[in-house]
Amino acid sequence: MSNQDRKAKAQAAAKGTGGGANAVIVGGIVLIVAIVLVVGAVVVNAVRDSGGVDALPQGVTKGEPVEPYADADPAKDAPVVDIYEDFRCPACKAFEQYEGETVTQLAQDGKIRLRVHLMTLIDNNVGGESSAIAGSSALCAANQGKWTEYHEALFALQPQQETADGFPDAAYTQAAERAGLTGDGLDEWQQCTDEHTYVDYVQSVDDAAVESGIKGTPTVEVDGTPFNWGSVIDQQTGEVDTDTLKQILTSGDVPEDMVARQ
């Protein structure tokens, strides 16, 4: 073998060695990427399994309202009452105080089909994510069979002054205890709330509501007709004309002078 042949062979060997090193490096990178993807998938699945990202209330898809009294099995022709609400909204608190009990009773009796759209209007306007967290926590309470009690209790604890902070964390626990949650039920609710289990879902409902033209809360629709819920409240005494309210909700007919105008 001539010197020239040895030099050519050595150069070829050097190229071969370099290619192998490159192959090892590339292979290593591919392996690392694969590991990252696998670990990422495991984490995402673990979060989903624990009720995190993309968790949905039972029987509901993203953007759709919840029906907290679906078990009441309302008649197929029962009027559909849609309520768009935000736990941080002062007017929503007033609606709950004045008319919430009547609406709830009619839904529990199966005389109306109640659909609740949990919105984040105040989050969008003031900042923070307390509306979304509050809505999520209410759904966690529903999982424990305490929707009605928690819904009422949390509205009662609404902060007097609206800031980006919204509800203090302690308010959620206080509402849960007022709702009657104890022991394992309280622990499960707390974990569900702390993990912000349904926050993404609540935000999806808000997105859908805004897209459909809802501009404020509370908005009440009876079989699709916007109802001016304040029209059944005596402005002097603050008394609610409960009979008229029941008649409107159970008939599905909103008198022309009680239709809400936006």
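**Entry 1: ground rules and a loop**

In my notes a helix is a DSSP run of H or I with at least four residues and a strand is a run of E with at least two, both numbered from the N terminus. The model is predicted, so I keep in mind that local features need pLDDT of at least 70 and side-chain atom pairs count only at pLDDT 80 or more, while totals for chains, interfaces and linings use all residues. Residues are numbered from 1 along each chain as its sequence is written, and side-chain values use heavy atoms, with hydrogens and water left out.

I began with Asp73, in the loop between α1 (3-49) and β1. Asp73 has a positive phi of about 55° although it is not a glycine. Is Asp73 buried or exposed? I found Asp73 exposed, with a relative accessible area of 64%; the scale calls under 20% buried, over 50% exposed and anything in between partly exposed (1.4 Å probe, protein chains only).

**Entry 2: the sheet**

Next I traced the strands. They form an open sheet of four, in the order β2-β1-β3-β4, with mixed pairing; two strands pair if DSSP finds at least two bridges between them. Which strands are at the edges? I noted β2 and β4, each pairing on one side only. From one strand to the next the twist averages 25°.

Strand β1 (residues 80-85) is joined to β3 by four bridges, and the two run antiparallel. Here Tyr84 stands opposite Thr219 of β3. Strand β4 (residues 225-227) also runs antiparallel to β3, with three bridges joining them. The bridge partner of Val220 there is Phe227 of β4.

I also checked both ends of β3. In the loop between α8 and β3 I came to Pro218, which a cis peptide bond joins to Thr217, with omega about -5°. At 43% relative accessibility, Asp223 counts as partly exposed.

**Entry 3: helix α4**

I turned to α4 (residues 130-143), which has 14 residues. From its first C-alpha to its last it reaches 20 Å, close to the 20 Å expected at 1.5 Å a residue (the expected span is 1.5 Å times one less than the number of residues). Among the buried ones are Ile133, Leu139 and Cys140.

What do these buried residues pack against? I listed β2 (113-118), α3 (121-126), α5 (147-156), α6 (169-178), α7 (183-194) and α8 (199-211). I then picked out Ser131, which lies in α4 and is buried, with a relative accessible area of 1%. Leaving aside its neighbours within four places in sequence, Ser131 is in contact (heavy atoms within 4.5 Å) with Asp86, Arg88, Met119, Thr120, Ile122 and Asp123. After α4 comes Gly145, whose phi is positive, near 75°.

**Entry 4: helices that pack**

Two packed helices are described by the angle between their axes and the distance between the axes. My axes are lines fitted to C-alpha atoms, for helices over the stretch in contact, and angles run from 0 to 180 degrees between N-to-C directions.

The contact is made by Glu99, Thr102, Val103 and Leu106 of α2 with Thr242, Leu245, Lys246, Leu249 and Thr250 of α9.

For α5 and α6, the axes come within 8 Å and cross at roughly 135°. That makes α5 oblique to α6. Which residues meet here? I found Tyr150, Ala153, Leu154 and Ala156 of α5 meeting Ala171, Tyr172, Ala175, Ala176 and Arg178 of α6.

Last, I went back to α2: this helix lies across β1, β2, β3 and β4, running at about 155° to β1.

Terms used. Angles under 35 degrees count as roughly parallel, over 145 as roughly antiparallel, 65 to 115 as roughly perpendicular and the rest as oblique.
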